[in-house]
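I opened this entry to look up a few packing details, and I keep the notes in the order in which I checked them.

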Amino acid sequence: GSPKKKKKIPKAVESQELELEGTSSAALQEISTAALHVSEVMKDLLCTADSIGEQPEGYVNDLMFLREIGSSATQIAESLDAPMDLSSEDPIYTDVTLERAKRLAALSYELVEDIEMATDGYEEAAAQNVDEVKSLQNVSKATGHVIEEMQRLQGERWAAGVLAEILEEERRASLENGEEKEDEAVLQVVAEDSLVFDGEDPKIAKLLRRTLARVRGESSGFDEAEKEDLHAAFLRFKVPDSADIHKDDLDALLNFVGRWVPPEDAITEMARKITMYDYMDFDEFLTFMTYYDEFERAEQERIFKLYDQDSSGNISIAELRCLLSGLGMLTLRQMMQEALAVVDKNWDGELNFEELCCFLAVYRGSEGFTKEEVESLKILFDSEAVQEEEKPGRHDLPPEPKLPGKFLPSLLIQAFGMQVADNVEELQQQLASGQGFRKTSTTDSGESGCATISFKEFLILARRTREMEMMQLSKEMPGLMNTPARGSSGDFDSADSDGNGTISAEELYQFLIGKEFTPLKKVVQEILQETAAETLEHSEGLDFNQFFDFLFIYRQRDGFAKAEVDRFRRGFNEYDQDRSGEISTLELSDIFRDFGYRISVETLHHYIDRVDEDGSNQLDFREFLRLMRWHRESELDSCKAVFNSYKVTQEGSEGIPRKKLKAAIEELGAIGDVSIIDAEVEKLPKEMPPVDFDVYVHAVDASRLEYVRQEKKKAGFTDEELQRYTESFQKIDRDGSGSIEGKELLKLLEAFGWEPRSKHEREVLLERLNTARKRAREAEAPKVSADDSAEFGYWEFIQLARELNTLHEKAKEQAMNQLMEEVQFNQKEVNQFHEVFLHWLHVDEDEETAEKAKELDHSDAGLTRELVRRVVRNTGLSLGPERKELLDSRLDTLEEDGKLKFHGFLRLMRWILDSDFGEINSHMQQQKK
């Protein structure tokens with residue numbers, strides 16, 4: 001766009017010592033003028049930087065505009081004097097608000113420097129869309145932050161009235177001059193409530209205004225939304241067949257909604273002021289909460305003063321974690337940072353009492369979860385929630401979606417991982433029972449708990465789940481919530497090897513070795529950065545809260561790095577085509593193939609047995625992630641075995657010499673192309689100490705990823721399988737051109753039994769041909785034919801073969817599901833019978849050959865009659881002439897080509913159990929005893 005005409009910027013007030021009284025108007029005039037101009041400049045920059053690179057041919061105009069913005073911003077910075085040291089303890093201005101303006105000017109000046117650096121190379125970069133363009137877009141983000149701070153600057157409460165007058169005078173002057181004034185839309189100064197918090201979230205702004213009003217004594221009571229939340233919590237503790245709660249449940253109710261729980265005598269005293277009886281109705285409960293708010297605020301002020309040792313009216317953010325522990329709150333780093341970003345308005349790293357109350361409001365408003373976590377929980381909630389019907393006589397709040405209680409465990413497991421399974425089951429049982437969350441017991445009236453859950457309650461229950469995990473951990477580690485008890489036992493003490501009350505990064509790593517997952521240092525360091533970055537910067541150890549924060553995320557991700565979890569999620573979503581949130585065994589097989597692993601369906605079934613909690617033979621994402629963890633552990637066990645066989649000890653540390661690293665990776669047999677391993681090893685320095693286990697695993701992973709990329713064109717087929725398809729293709733492709741035409745393709749498909757048999761199947765085949773071409777292109781296969789063309793290349797055929805092969809496998813799986821229904825065996829039982837079947841199929845082979853044979857396709861394999869008899873005898877039954885004749889008679893109806901295949905084997909097992917062949921049922925009962 002064309003540059004705007006800039007207004008002349010007045011000179012800054014040069015006086016360095018301004019008294020607040022009598023000079024407010026002049027001081028605020030200076031701030032207002034500078035802020036308005038910076039906001040205008042920054043708005044222009046924001047719009048321009050966001051559009052950079054979209055129309056490269058206009059880069060000259062963009063460049064001119066950016067340079068003019070840079071010039072204007074420089075004038076603004078200079079008008080507020082030279083940039084100052086933000087850590088200065090001797091500010092030029094004694095007035096607090098002017099001091100903030102100085103800080104903001106310094107930030108503006110830094111942005112000017114960024115603009116100048118970015119525009120230096122922009123003329124060349126605009127045509128290429130490279131680094132300078134990205135730099136400008138990064139500047140735009142910082143610009144947005146400046147605009148927000150400008151809005152906050154105008155919101156100083158003591159200045160609101162004067163600022164409003166100044167703006168009104170400027171507006172009138174602009175109208176007299178015929179100019180359009182846009183600044184008011186940017187600043188929106190409201191004299192009666194001028195404090196502007198998170199402008200992007202009106203709910204947070206409303207929450208904080210309400211909090212400040214109460215802290216300042218300008219407001220009391222509860223609005224309708226607050227009453228609704230309190231009423232929902234009240235119902236969870238209501239005595240069955242009544243409209244009351246018991247006073248002895250007040251502490252549990254406060255804990256349920258995430259509030260500080262006062263001493264028992266304080267709760268009793270507040271309740272006694274309201275009623276002399278043991279029960280209170282909802283109106284009385286609201287009165288109790290009014291008293292409670294006052295009592296809680298007094299306690300917060302008492303603890304605040306305890307930490308404000310110099311009586312400055314501020315506490316440091318470093319002290320905040322300890323203060324929050326004193327209030328019984330679970331403090332997690334990421335949420336603390338997010339809440340502080342909202343309430344620490346003056347960037348000084350300290351909180352006054354009002355800011356502390358605002359911090360607590362934000363923290364509790366989201367139940368201690370970050371915005372990202374709340375959004376993820378909302379997506380989960382919405383996936384199963386149903387819209388409630390509008391209740392007669394209730395028009396104050398609209399009806400909202402509610403979650404049926406039966407979905408609570410699965411959704412919380414999806415959110416936090418398999419680690420919380422036991423605790424969420426307990427929560428669901430509490431919700432479903434008439435007792436609910438009450439401590440007091442009553443005669444069971446048969447009334448059950450509320451069947452549905454609002455999103456607010458879902459957040460509460462998610463918080464309680466995390467707290468239950470922490471309490472469970474604290475039982476193993478006494479003192480977790482506060483100061484460790486000396487002489488205590490448990491995981492924390494075993495991790496704290498030097499007994500100093502904190503855990504270093506090295507102690508943490510050593511502690512994780514031998515636990516449920518094999519720890520890799522890159523994963524440990526990543527999560528430590530998320531949960532205790534400041535502690536690491538100062539080379540300090542983790543306290544109990546940080547230790548829990550780390551362990552919770554580590555287990556939530558099943559020991560994987562965040563990028564790995566994201567990759568698994570993308571793979572899962574790609575194959576969850578019906579968006580059911582679940583995948584089948586065959587879809588799982590495809591995912592493994594895409595990740596570079598070739599695993600038989602039988603092996604996958606055994607993995608599924610370990611994680612499929614509900615026995616559905618379908619996996620949700622959490623079950624899938626745990627399955628990937630077990631597979632990863634199996635892989636790491638192989639890596640450990642090879643590492644141990646190659647490692648040497650040098651200068652007190654163990655590792656594999658660089659010259660032997662290639663052989664150590666090859667020995668795993670996971671990468672079929674030696675040149676890929678060579679390339680990965682070459683990336684390491686020539687002269688280096690022996691590589692440790694983590695470096696070895698990284699080299700293996702990197703080699704596999706590159707191998708998978710190069711092998712993708714093979715569509716997951718083994719070299720032996722590929723050879724079979726190659727030979728069949730070459731028989732049809734007689735001229736050796738590498739492509740065949742329509743009729744030849746049909747002959748090729750017929751050879752594999754895949755030919756279309758109807759008009760509909762032919763139409764579907766044409767769609768699949770284009771899909772195969774698309775996948776061949778994605779796999780970077782050579783000579784891929786155009787969509788809808790008459791020709792069809794070799795690598796396209798390989799992709800088509802994979803899809804048709806998968807369809808064939810799905811048909812087999814569907815047939816097996818129907819058979820399972822017929823014989824009334826569940827998946828776990830079928831897997832156990834398959835183990836028996838495979839064992840006897842290879843019973844006469846040596847152990848190594850038999851183990852390798854289990855990975856082969858056994859769909860056409862079968863047991864001889866003699867082997868079937870051995871299976872029966874192995875159960876402890878004797879086969880006399882009559883039983884042998886009865887068994888042979890049954891086998892006559894089940895065998896195919898003289899052999900008993902697996903589906904026949906299942907039918908035989910069902911017949912043996914149903915007919916109680918040889919009194920096998922009583923025999924098995926006796927064996928169990």
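For these notes I take contact to mean heavy atoms within 4.5 Å. The model I am reading is a predicted one.

Entry on Arg463. I located Arg463 in helix H19, which spans residues 455–476. Setting aside neighbours within four places in sequence, I found Arg463 in contact with Asn255, Phe256, Val257, Gly258, Glu367 and Phe369.

Entry on the nonpolar cores. I looked up the largest nonpolar core, which has 124 residues, and noted that Phe285, Phe288, Phe359, Phe458, Leu508, Phe550 and Tyr696 are those with the most contacts inside it. Another core, of 30 residues, lies apart from that one, and Leu819, Val823, Leu908 and Trp911 are among its members.

Entry on Tyr696. Not counting residues up to four places away in sequence, I list Cys639, Val642, Phe643, Ile656, Leu661, Ala664, Ile665 and Leu668 as the residues that Tyr696 touches.

Entry on H28 and H30. How do helix H28 (residues 658–667) and helix H30 (residues 693–711) pack, and at what angle? I read an angle of about 60°, with the axes 10 Å apart, which makes H28 oblique to H30. The crossing in which H28 passes H30 is right-handed. On the H28 side I noted Leu661, Ala664 and Ile665 as making the contact, and on the H30 side Tyr696, Ala699, Val700 and Ser703. By class, I recorded the residues of this contact as six nonpolar, one polar and no charged.

Conventions. Residues are numbered from 1 along each chain as its sequence is written. This is a predicted model: local features need pLDDT of at least 70, side-chain atom pairs count only at pLDDT 80 or more; totals for chains, interfaces and linings use all residues. Side-chain values use heavy atoms; hydrogens and water are left out. Axes are lines fitted to C-alpha atoms, for helices over the stretch in contact, and angles run from 0 to 180 degrees between N-to-C directions. Helices (H or I, at least four residues) and strands (E, at least two) are DSSP runs, numbered from the N terminus. Angles under 35 degrees count as roughly parallel, over 145 as roughly antiparallel, 65 to 115 as roughly perpendicular and the rest as oblique. A crossing is left-handed if the near helix is turned anticlockwise from the far one by less than a right angle, and right-handed if clockwise. Ala, Val, Leu, Ile, Met, Phe, Trp, Tyr, Cys and Pro count as nonpolar, Asp, Glu, Lys and Arg as charged, and the others, Gly among them, as polar. A nonpolar core is a set of buried Ala, Val, Leu, Ile, Met, Phe, Trp, Tyr and Cys residues joined through side-chain atoms within 4.5 Å. Buried means under 20% relative accessible area, exposed over 50%, partly exposed in between (1.4 Å probe, protein chains only).
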